[in-house]
Amino acid sequence: MPRNLNPTRYLVALLIGLALTACTPTGTTSEAQAPTPVADLSRAAPEAVGLSSERLERLSAAMQGLVDEGRLAGITTLIARHGKVAHFGTFGAQDMEAGKPMAEDTIFRIYSMTKPVTSVALMLLYEEGRFRLSDPVEKYIPEFKDLPVAVGEDENGIVTEPADHPMTIRELMSHTAGLSYGIFSESPVDKLYREAEILHPDSTLRDMIEDLAAIPLRQQPGTVWHYSVAVDVQGYLVEVLSGQPFDEFLKERIFDPLGMKDTGFWVPPEKADRFAQVYVYDENGALMRPEGEPMRRKDFLSPVNFPSGGGGLVSTTMDYARFCQMLLNGGTLDGVRLLAPSTVAMMHRNQMPRGVPEYSRGRGFGLNFGVVLDPVEADGISKGEYYWGGIAGTWFWIDPLENLIFVGMIQQFGENRPHMRSLSRRLTYQAIVGDG
């Protein structure tokens, strides 16, 4: 024992030191730690990741039942947990009239599931120091400078007032910038959107900016969550900040690095036989082909003038699963890092301005994602789940608590469409029986 040291204190220190030594692995840190499982979306038995094969059959039976009842033409569902695909189901037909069955590599119109992809594109530039989320949009798109705000109508037309502050990029990415779509609500501003044919497929991103610059904002920035063309504006912002066409940027910076080989703004001829037919319902609720493409889109079989960051992509179930897994992994997949973990965490953190109501009960909004804040209020399962869907019925969610992703694909418009998102969520979580 060292001289002049209290014997009791010395004994306590010695015991603590021995305890710490016993808890410290031998060898180097890298040798002692168990290797991190590779979250690469390889196939695994459900039980290997804490899922029940028997209970997953309930999900498969429900999906097949919707096809057998004539409510949907075809469906794909994919569940990955701990980075392994434990369920990949295909049900019904890719094209009923052609008798072509749904396949794992069927290509779908994903519409608004394009929005999270655009968010990643913009945040790649954020990480390069190109902008701040608090920056005014007009700093990079000067056409938006001094946009007025509509407050009513009189005999001379729309009455406006000055905006109390310029819309910010954070507001643009959380649908609180004051913009609209022109089709999901009725107001004098929405009417102007329709008259200007905002997002017309024969226009360009630059045309859209010029048209929007001539229309007042629907509401003051930062006051209301209102679904809008904001993500298409983000696509143009990517072009301004990067100096590249938006579609080229996505391919070079996201699709190629992630191996999303079937994702893009159109389906090339050599892949056209894998492109799913879209369906609507007739007056009796029976499935039928629409006359032309819905949503004023072209046939997706030729290059586009307007690469819509809000709703223009086609993709496959596995391609989109790779995108989701990259996010769940904290920005990396197969050794390729797109974003830092802190950036991904920020993207699915609630970004709604203070005082703005939740966009729906128990749900906030991140940077182009819906976010579950209160699972009870939101009728969900896990706090922090983030998600979105497309207008033709495609849907996905990412659950960091359960280390799980789900991707579902259908091609169906109409009010008779089943509530796939709620049904699939219940049937997925009831199959989780362990940690895996």
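Reader: In which kind of crossing, left-handed or right-handed, does helix 4 pass helix 10?

Author: In this predicted model, helix 4 passes helix 10 in a left-handed crossing.

Reader: Which residues meet where helix 4 and helix 10 are in contact?

Author: From helix 4, Pro 116, Val 117 and Val 120 take part, and they meet Tyr 320, Phe 323, Met 326 and Leu 327 of helix 10. By kind, the residues of this contact comprise seven nonpolar, no polar and no charged.

Reader: What makes helix 13 mostly covered?

Author: Of the ten residues in helix 13 (residues 420-429), seven are buried. These are Met 420, Leu 423, Ser 424, Arg 425, Leu 427, Thr 428 and Tyr 429. Their cover includes helix 3 (53-68), strand 2 (74-81), strand 16 (395-399) and strand 17 (404-409).

Reader: How many aromatic pairs does the structure hold, and why is the pair of Phe 246 and Phe 265 called tilted?

Author: The structure holds 22 aromatic pairs. For Phe 246 and Phe 265, the ring centres are 6.0 Å apart and the planes stand at 50°. Centres within 6.5 Å make a pair, stacked planes are under 30 degrees apart, and edge-to-face planes are over 60.

Reader: What parts does the pair of Phe 246 and Phe 265 tie together?

Author: Phe 246 belongs to helix 9 (residues 246-258), whereas Phe 265 lies in the loop between helix 9 and strand 8 (280-281), so the pair ties together parts that are 19 residues apart in sequence.

Reader: How do you know whether Phe 246 and Phe 265 are buried or exposed?

Author: Buried means under 20% relative accessible area. Phe 246 has 0% and is therefore buried; Phe 265 has 6% and is therefore buried.

Reader: Why is Glu 143 called partly exposed?

Author: Its relative accessible area is 25%. Buried means under 20% and exposed over 50%, so a value in between makes Glu 143 partly exposed. Glu 143 is placed in the loop between helix 4 and strand 6 (149-154).

Reader: Which residues does Glu 143 touch, leaving out those up to four places away in sequence?

Author: Glu 143 touches Arg 206, Ile 209 and Ala 213.

Technical notes: Residues numbered from 1 in each chain as written. Predicted model: local features only at pLDDT ≥ 70, side-chain atom pairs only at ≥ 80, totals over all residues. Heavy atoms only, no water. Left-handed = near helix turned anticlockwise from the far one by under 90°. Helix = DSSP H or I, 4+ residues; strand = E, 2+ residues; numbered from the N terminus. Contact = heavy atoms within 4.5 Å. Nonpolar A, V, L, I, M, F, W, Y, C, P; charged D, E, K, R; others polar. Buried < 20%, exposed > 50% of the residue type's maximum accessible area, 1.4 Å probe, protein only.
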